[in-house]
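Work through the following exercises with the sequence and the model side by side, and try each task before reading its solution.

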Amino acid sequence: MGYIQEARENHVKKKVEEALRSKMKQKALQECKDLASKYAECSYGRTISVVWQCRQQAKELNECLHQFTNDDVLEEMKRDYMLQQDGKVSAKG
């Protein structure tokens, strides 16, 4: 029974991490929406030339997104989640 319980907990942990990653990406896109719009505007109507014509906009967008989507941010979100879960458990108990 211990193995089954551990497998369930790992599955839940993976699902939680996937949800946190998704939330992290959504927040990054929201925070960087102006730069994303500038990149989209630059790339509109282009095909291969987007690579060199929009290089600066792409670089700025990627730098912005990286501020909000890195391992440190994910770890902080995990800590916050665990603190919330601990608070729910102690409130019930």
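**Exercise 1.** What does the accessible surface of the protein come to, and what percentage of it belongs to carbon and sulfur atoms?

*Solution.* This is a predicted model, in which local features need pLDDT of at least 70 and side-chain atom pairs count only at pLDDT 80 or more, while totals for chains, interfaces and linings use all residues. Residues are numbered from 1 along each chain as its sequence is written, and side-chain values use heavy atoms, with hydrogens and water left out. By the Shrake-Rupley method with a 1.4 Å probe, where for residues only the protein chains shown count as cover, the accessible surface is about 7800 Å², and 53% of this belongs to carbon and sulfur atoms.

**Exercise 2.** Describe the secondary structure.

**Exercise 3.** Which residues make up the largest nonpolar core?

*Solution.* Start from burial, meaning under 20% relative accessible area (1.4 Å probe, protein chains only): 17% of the 93 residues are buried. Next, join buried Ala, Val, Leu, Ile, Met, Phe, Trp, Tyr and Cys residues through side-chain atoms within 4.5 Å. The largest core then holds 6 residues, namely A28, C32, L61, C64, L65 and F68. Helix α4 (residues 55-68) gives the most to this core, with 4 residues. A second, separate core of 5 residues includes L20, M24, L74 and M77.

Note on methods. Buried < 20%, exposed > 50% of the residue type's maximum accessible area, 1.4 Å probe, protein only. Helix = DSSP H or I, 4+ residues; strand = E, 2+ residues; numbered from the N terminus.
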